[in-house]
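Please look over the sequence and the structure first, and then read on.

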Amino acid sequence: MTYIENIFVCLALPLILSLLFTRGRARSFPLFVVAGMSVCLLSAYVSSFFMGYCGADARVAVIEITPVCEEILKLLPLLFYLLIFEPKPRELPGAALAIAVGFATFENVCYLTENGAEDLAFLLIRGISAGALHILCGVLSGYGIAYVFRRRWLALTGTVGILGACIGFHGIYNLLITAQGVWKTAGYLFPSVLLVCLLVLRQLLPRLKLSFA
């Protein structure tokens, strides 16, 4: 049996203790990483509840239930930070990325605990693909929320649209990796390819004199 609560305590305590000796912006990163790990733990309970409530099997849950639960829960700490503390827009992408890093890290540690760490090649693929997926969604959430909340009339519909995009990407990834053959390979490459496209776009925008501001 995998005691994910015990794993969470073991990983979160050093990060929480580090908050006692850091100040300013350096303090925010471990705090949001812990928030991401907390959301990952909570999403396991929420997804399991809806899986049992809907009578879904594991495959259906992974494709239809898990992406919705995880992306909604990952967005909540970011929205709480935005609405309560009113940070500057440029601070939101970093917060979203830290939440994504915490989520991906805790998810990978739980996977290692349950399945072992013998196959290094597969673990590298999983780290790049699943990790890249959460980073991709973190980038979309951070920059997207920073953009739409600068335009109040766009805040509600923009947030729903960003959430829908993250759920869509997550669902596509889960659908592809549950397939076989070339589709599974495409699923593993899917998040990294999109991240590369975003990096290229980020480099091109200043040259085109465009921005998200």
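## The first helix

Helix α1 bends by about 30° at A12, where the bend at a residue is the angle between axes fitted to the seven residues ending there and the seven starting there, and a proline, P14, follows within four residues. Helices are DSSP runs of H or I with at least four residues, strands are runs of E with at least two, and both are numbered from the N terminus. The 15 residues of α1, residues 4-18, should span 21 Å at 1.5 Å a residue, and the end C-alpha atoms are 22 Å apart, which agrees; the expected span is 1.5 Å times one less than the number of residues.

In this helix I4, I7, F8 and A12 are buried, a word that means under 20% relative accessible area with a 1.4 Å probe and protein chains only, while exposed means over 50% and partly exposed lies in between. The cover over the buried residues of α1 includes α2 and α4.

## How the model is described

This is a predicted model, in which local features need pLDDT of at least 70 and side-chain atom pairs count only at pLDDT 80 or more, whereas totals for chains, interfaces and linings use all residues. Residues are numbered from 1 along each chain as its sequence is written, and side-chain values use heavy atoms, with hydrogens and water left out.

## The overall fold

The secondary structure comes to 7 helices and 0 strands, and 40% of the 213 residues count as buried. Among contacts (heavy atoms within 4.5 Å) between residues at least 6 apart in sequence, 67% join residues at least 24 apart.

## Two nonpolar cores

A nonpolar core is a set of buried Ala, Val, Leu, Ile, Met, Phe, Trp, Tyr and Cys residues joined through side-chain atoms within 4.5 Å. The largest one has 27 residues, and those with the most contacts inside it are F32, L75, L78, L92, I145, V148 and F149. Two or more residues each come from α2 (28-54), α3 (58-85), α4 (92-115), α5 (120-148) and α6 (155-177). A second, separate core of 13 residues includes F8, A12, C40 and F106.

Leaving aside residues up to four places away in sequence, F32 touches Y81, A95, A98 and I99.

## A glycine in helix α4

G102 has its place in helix α4 and is buried, with a relative accessible area of 0%. Not counting residues up to four places away in sequence, G102 touches V33, G36 and M37.
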